[in-house]
Amino acid sequence: MTTPYDEAALQELRERQGSGARYDAEEAPKQELGWARSGTAYFLRKLRELTDDELDGPSLLGWTRRELIAHVGYNARALTRLTEWARTGVETPMYAPGQRDAEIELGATLPPVALRHLIDHSAVHLNVEWRDLTDEQWDHEVVTAQGRTVPVRETAWMRTREVWIHAVDLDNHGSYRDFPPELLDRLSGDVLAVWDRKGTTPDVVLDPTDRPGQTVVGAGGRRVAGAQADLVRWVTGRGALRLDAEGDQVPELPPWL
Ligand code: ZN
């Protein structure tokens with residue numbers, strides 16, 4: 001079996017990355033890129049806290065941690081393909097048919113050191129591709145795995161969601177309470193938009209105790225109160241919410257992402 005990246009390829013990437021002399025384009029999605037980078041650092045920190053043996057344990061998603069880590073690594077490579085598409089104009093799908101699942105299955109069997117390298121190297125590669133995009137290229141349209149046509153700038157937000165939420169999914173004391181406050185608000189808005197698109201909106205009133213105002217979702221009704229971090233954990237389907245305004249447990253929602 002080959003490792004995900006050979007050393008020569010990594011060296012080439014490091015050279016392209018340079019010593020920090022290159023910057024994102026003026027029109028780059030700076031906030032989302034910042035979140036994707038800080039989220040990658042957060043994911044790597046949680047991963048480093050796990051021993052090699054602990055990688056065999058379960059994640060919060062039904063996958064083993066190994067499968068989850070492989071997914072996060074290969075997701076970076078899939079987003080790199082979209083970024084390369086925008087840079088070169090050569091159409092490249094995020095995944096070929098069957099590729100996503102096959103990569104997770106195969107990646108989960110990699111030796112621990114190779115699995116850790118996959119995360120490192122794929123993140124470096126994606127970051128290099130982002131850095132190399134020009135203002136015009138950031139608007140280039142690409143197609144996501146769900147078949148949505150979006151400007152490639154969307155990849156920064158797609159990666160942001162993956163690294164932050166899957167860091168929690170490692171089930172290693174990662175917490176939504178570690179997320180930047182503005183990221184929590186953005187995630188909440190994104191979940192509501194996806195519910196709306198899919199017609200799966202529950203009827204609740206979200207009442208974050210550490211934010212002004214409430215959000216009526218669907219037809220409204222049951223008021224669900226809590227810290228924004230806990231509400232966002234709940235709406236993204238990462239477990240039941242302990243207490244609502246009446247002191248009951250609010251049932252778990254299906255996982256988002
Ligand atoms: Zn994912």
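How many aromatic pairs does the count come to? The count comes to 4 aromatic pairs. The structure is a predicted model.

**Helices α2 and α5**

- Helix α2 spans residues 30-48 and helix α5 spans residues 112-132.
- Their axes come within 11 Å and cross at roughly 170 degrees.
- Angles over 145 degrees count as roughly antiparallel, and α2 and α5 are therefore roughly antiparallel to each other.
- On the α2 side, the contact is made by Leu-33, Ala-36, Arg-37, Thr-40, Phe-43, Leu-44, Leu-47 and Arg-48.
- On the α5 side, the contact is made by Arg-116, Ile-119, Asp-120, Ala-123, Asn-127, Trp-130 and Arg-131.
- Sorted by type, the residues of this contact are 8 nonpolar, 2 polar and 5 charged.

**Aromatic rings**

- A pair of aromatic rings is described by two values, the distance of the centres and the angle of the planes.
- For the pair of Trp-164 and Phe-179, the centres are 5.0 Å apart and the planes are at 55 degrees, which is a tilted arrangement.
- Trp-164 belongs to helix α6 (residues 154-169), while Phe-179 is in the loop between α6 and α7 (181-198).
- The two residues are 15 residues apart, and the pair links distant parts of the chain.
- Both Trp-164 and Phe-179 are buried.
- Trp-164 and Phe-179 also belong to one aromatic cluster, together with Tyr-42 and Tyr-176.
- At another ring, that of Trp-157, the charged end of Arg-186 sits over the ring, 4.4 Å from its centre.

**Asn-172**

- Asn-172 is found in the loop between α6 and α7.
- Leaving out residues up to four places away in sequence, Asn-172 touches Lys-46, Glu-49 and Leu-50.
- Asn-172 and Val-143 are 29 residues apart along the chain, and 33 Å separates their C-alpha atoms.

**Glu-182**

- Glu-182 is placed in helix α7.
- Apart from neighbours within four places in sequence, Glu-182 is in contact with Gln-31 and Trp-35.
- Glu-182 and Trp-35 are 147 residues apart along the chain, and their C-alpha atoms are separated by 9.9 Å.

Definitions and conventions
Residues are numbered from 1 along each chain as its sequence is written. This is a predicted model: local features need pLDDT of at least 70, side-chain atom pairs count only at pLDDT 80 or more; totals for chains, interfaces and linings use all residues. Side-chain values use heavy atoms; hydrogens and water are left out. Axes are lines fitted to C-alpha atoms, for helices over the stretch in contact, and angles run from 0 to 180 degrees between N-to-C directions. Helices (H or I, at least four residues) and strands (E, at least two) are DSSP runs, numbered from the N terminus. Angles under 35 degrees count as roughly parallel, over 145 as roughly antiparallel, 65 to 115 as roughly perpendicular and the rest as oblique. Contact means heavy atoms within 4.5 Å. Ala, Val, Leu, Ile, Met, Phe, Trp, Tyr, Cys and Pro count as nonpolar, Asp, Glu, Lys and Arg as charged, and the others, Gly among them, as polar. Rings of Phe, Tyr and Trp (its six-membered ring) pair if their centres lie within 6.5 Å; planes under 30 degrees apart count as stacked, over 60 as edge-to-face and the rest as tilted. Buried means under 20% relative accessible area, exposed over 50%, partly exposed in between (1.4 Å probe, protein chains only). A charge sits over a ring if NZ of Lys or CZ of Arg is within 6 Å of the ring centre and within 35 degrees of the ring normal.
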